[in-house]
Amino acid sequence: MCVPSAKGLSTSPSARMTFGGEDDILAGCQESPTILYLISIEVEPVTAGEISMIFGAHESISGGVHKAIERGKKATCDTIQIFNKSSNQWRAAKLKPEDVDMFFRLQEELGVTVATSHTSYLINLASPDEVLREKSYLSLKEEMERCNLLRIPNLVMHPGSHVGSGEEAGLDRIADEINRLFDDLANNKCTLLLEATAGQSSNLGHKFEQLAYLVEKTENKQRIGICLDTCHIFAAGYPLSSPKDYRQTMQQFDDIVGLDRLRIMHINDSMQPLGSRKDRHEHIGKGHIGIEGFRSIVNDKRLKNVPLILETHKGEDLAEDIENLKVLRGLVK
Ligand SMILES: [Zn+2]
Ligand SMILES: [Zn+2]
């Protein structure tokens with residue numbers, strides 16, 4: 001419901017995002033009354049042939065959350081991912097009402113939606129250290145509240161690291177905290193997306209079975225989804241490079257987790273080879289996955305409502321994003 005989806009065929013860049021009515025507004029948001037009137041943002045994605053795909057990139061919020069939308073427009077994105085606070089600090093600066101207001105206004109004016117936020121890298125719900133786990137929980141809760149305030153439909157989180165305490169114990173701790181989160185934020189509209197990881201050190205989420213286990217243990221299944229990162233799953237050992245590899249990997253995902261859970265894809269090539277369990281993003285077609293892997297993805301009709309978001313290195317002028325998006329759009333048949 002909350003995922004930007006393609007409506008009809010069009011040659012103009014756009015996407016659609018619909019949110020609920022006035023009663024959905026968080027109490028903290030009332031200081032900015034204009035937000036109440038921006039209920040629906042309607043845009044439609046670039047289309048080629050019969051398929052429309054939604055393309056985007058992670059953009060920086062440096063200078064204010066609304067700045068990411070301007071960057072997204074400059075980079076030719078249909079949609080973007082942001083951090084809703086600094087990604088390497090526990091602290092979050094309060095969102096200013098005028099920034100929130102501008103955040104909504106620019107999405108409408110520029111035709112660039114915000115498909116998802118990505119959590120801070122400090123959060124570890126699997127930590128056996130109770131103090132760190134509680135700190136992680138509170139931080140995640142705050143990010144979820146900020147997503148609701150900003151009407152961002154998804155929040156992507158790396159499941160966590162068991163830090164030597166064992167895979168199952170780690171997964172159980174994550175599931176417990178997710179259930180607690182959904183109980184504590186009963187009226188929150190944001191969907192939590194568990195991101196597949198490369199499996200570095202004790203990171204969980206590098207096997208589809210681990211993601212399925214977490215979904216299974218989540219009581220409120222409407223509020224949980226999955227984000228697949230092409231670099232991560234490839235590094236974790238799932239091949240993507242040929243049409244056959246891609247088909248088999250997606251079939252495995254569908255059998256184990258279910259394609260209906262897939263809400264966002266991070267679309268990155270990999271500097272490291274298949275099964276390396278190292279997370280190093282590379283520009284599209286320049287890494288070990290290679291261009292054919294991405295051709296399969298952008299022509300997979302099942303993904304037409306799943307935003308494909310780049311997380312590759314870029315300079316201030318965003319030239320790399322522009323180039324990568326051009327390459328991806330050029331692969332659509
Ligand atoms: Zn991530
Ligand atoms: Zn990564």
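Reply: Two residues are said to be in contact if their C-beta atoms, placed from the backbone, lie within 7 Å. Helices (H or I, at least four residues) and strands (E, at least two) are DSSP runs, numbered from the N terminus. The model is predicted: local features need pLDDT of at least 70, side-chain atom pairs count only at pLDDT 80 or more, and totals for chains, interfaces and linings use all residues. Residues are numbered from 1 along each chain as its sequence is written, while chains are lettered from A and ligands numbered from 1 in the order in which they are written.

The protein chain as a whole provides the setting. Its secondary structure comes to nine helices and 16 strands. Of its 333 residues, 49% count as buried, a residue being buried if 20 or more other C-beta atoms lie within 10 Å of its own, exposed if 12 or fewer, and partly exposed in between, with C-beta atoms placed from the backbone. Where contacts join residues at least 6 apart in sequence, 75% of them link residues at least 24 apart.

The buried residues of α3 include Arg-133, Tyr-137, Leu-140, Glu-143 and Met-144. Towards the end of the helix, Arg-146, Cys-147, Asn-148, Leu-149 and Leu-150 are also buried. Among the elements that cover the buried residues are helices α2 and α4 (167-184), together with strands β7 (113-118) and β8 (154-157).

Of these neighbours, α4 may be taken in detail. Two packed helices are described by the angle between their axes and the distance between the axes. Here an axis is a line fitted to C-alpha atoms, for helices over the stretch in contact, and angles run from 0 to 180 degrees between N-to-C directions. The axes of α3 and α4 cross at roughly 40° and come within 11 Å. This angle makes α3 oblique to α4: angles under 35 degrees count as roughly parallel, over 145 as roughly antiparallel, 65 to 115 as roughly perpendicular and the rest as oblique. The crossing of α3 and α4 is right-handed; a crossing is left-handed if the near helix is turned anticlockwise from the far one by less than a right angle, and right-handed if clockwise. On the α3 side the contact is made by Arg-133, Tyr-137, Leu-140, Lys-141 and Met-144, and on the α4 side by Arg-173, Glu-177, Leu-181 and Asp-184. By class this contact has four nonpolar, no polar and five charged residues, where Ala, Val, Leu, Ile, Met, Phe, Trp, Tyr, Cys and Pro count as nonpolar, Asp, Glu, Lys and Arg as charged, and the others, Gly among them, as polar.

Helix α4 also packs against helix α5 (residues 208-217), at an angle of about 40° and with the axes 9 Å apart. The two helices are therefore oblique to each other, and their crossing is right-handed. Leu-171, Ile-174 and Ala-175 of α4 meet Gln-210, Tyr-213, Leu-214 and Lys-217 of α5. In this contact of α4 with α5 there are five nonpolar, one polar and one charged residues.

The other covering helix, α2 (residues 97-110), packs with helix α1 (residues 67-74) at about 15°, their axes being 9 Å apart. These two helices are therefore roughly parallel.

Leaving aside residues up to four places away in sequence, Leu-150 touches Val-65, Asn-84, Val-100 and Phe-103. Its C-alpha atom is separated by 7.8 Å from that of Phe-104, 46 residues apart along the chain.

Just after α3 comes Arg-151, in the loop between α3 and β8. Most residues other than glycine have a negative phi. Arg-151, although not a glycine, has a positive phi of about 55°. This residue is buried too, with 26 other C-beta atoms within 10 Å.
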